[in-house]
2 protein chains.
Amino acid sequence: MVRTDIPDIVIGRLPLYLRALNRLQQENLAFTSSHVLGQRLGISSAQIRKDLSLFGEFGKQGTGYHISTLIAELQRILHTDCEWQVALIGVGDLGRALAHYKGFVNRGFRITHLFDNDPAKIGQRIGEFEVLDAAVMEKTIREACIKVAMLSTPGDEAQDVADILVQAGIQAILNYAPITLLVPDGICVQYIDPVIHLQRMVYYLDLPV
Amino acid sequence: MVRTDIPDIVIGRLPLYLRALNRLQQENLAFTSSHVLGQRLGISSAQIRKDLSLFGEFGKQGTGYHISTLIAELQRILHTDCEWQVALIGVGDLGRALAHYKGFVNRGFRITHLFDNDPAKIGQRIGEFEVLDAAVMEKTIREACIKVAMLSTPGDEAQDVADILVQAGIQAILNYAPITLLVPDGICVQYIDPVIHLQRMVYYLDLPV
């Protein structure tokens, strides 16, 4: 059951806490504190304690947070204590990089289906996957009950693909195409567009000489 | 001159407005409204008007915003009315995809330098660039006055590379490596980690069956 009374901005920070905790665990630590987490993340320890307190009582005065317990709790809260199948649409350079990306392992996601509409790519193997024809995308995704998709098509194809994904039952889309998608209420979309991030940063820089 | 009294969350929305305006312009429109922009972006028109009003008076009652004028103003505000040189460090699958990415054109950024520490990659050509030895990264970046970098190395190398980038005078880092970077105050870092975005979305989904 999802608590809908938690601000989305708090939900957005939980994956950062989880990533930092995983890293601390890799460093063979058993306990940590909101202070250490805050230093790692550039977030105040008070904010971290406040965010976590919305979900329960995880830390102990004196010993702090038991890392593996808090990891398990955050995974449970975020629904990443299972492995979501992910469909990837568009197997250009970026799609190929994503198909090879090692960062999904043990974090709740596995790309299980690749689609493209380019006859030269359909049938190609990328790692353990065969690229499927985009023409069978809707049927395949529906039958496999896939709810999560990553979109790495060219911008001018992305909206049409998104429409099909929604028809197929996809509920969350991570969009790498540089356009804003129009989707029905209740469908989650997040955007990855490097230029958006770069533009946000150079606002704070002096102009180049 | 940067106005430091504007909340960063507002700055973060300006690139989205700019992208939507560019798209409207591609559709051969000359004028638009906060209402149309809001619909495209899933942001309320009131929010858009409020954000823009922090920087001046851009719209006219009745006719709305003149698109090309507002684009020029936002580019000026964001410091993307010039072209920033960008250094890209780490030329694996992802770095290669970024080097080929068409989405930088006319948006204020151009990747001008590629670096890697893999002897098999150094000297390779990727598009118009030759991959340079990471050993000359600090000197090369300093001499070229590059202020913006994209980091697509493996996670366990990213902090060391970031330290060198900061030494070299880099002020803004877009980090694709799945770790949180520790950098001095005043250095901007933004993160692109697909799993963070995926995790944030599946919180809202029912668990897979």
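Helices (H or I, at least four residues) and strands (E, at least two) are DSSP runs, numbered from the N terminus.

This is a predicted model, in which local features need pLDDT of at least 70 and side-chain atom pairs count only at pLDDT 80 or more, while totals for chains, interfaces and linings use all residues. Residues are numbered from 1 along each chain as its sequence is written, and chains are lettered from A and ligands numbered from 1 in the order in which they are written.

E9(B) pairs with E8(B) in the parallel sense over four bridges, and B:Ala149 stands opposite B:Ile173. E9(B) also pairs with E10(B) in the parallel sense over four bridges, with B:Asn175 opposite B:Tyr191.

Now show the side chains of E9(B): B:Ala172 and B:Leu174 point one way, B:Ile173 and B:Asn175 the other way, and all are buried (20 or more other C-beta atoms within 10 Å of a residue's own, with C-beta atoms placed from the backbone).

Finally, bring in chain A, where 55 of its residues are in contact with 55 residues of chain B (C-beta atoms, placed from the backbone, within 7 Å). The largest share of the chain B side, nine residues, comes from H8(B).

Notes: Contact = placed C-beta atoms within 7 Å. Buried ≥ 20, exposed ≤ 12 C-beta atoms within 10 Å, placed from the backbone. Pairing = 2+ DSSP bridges.
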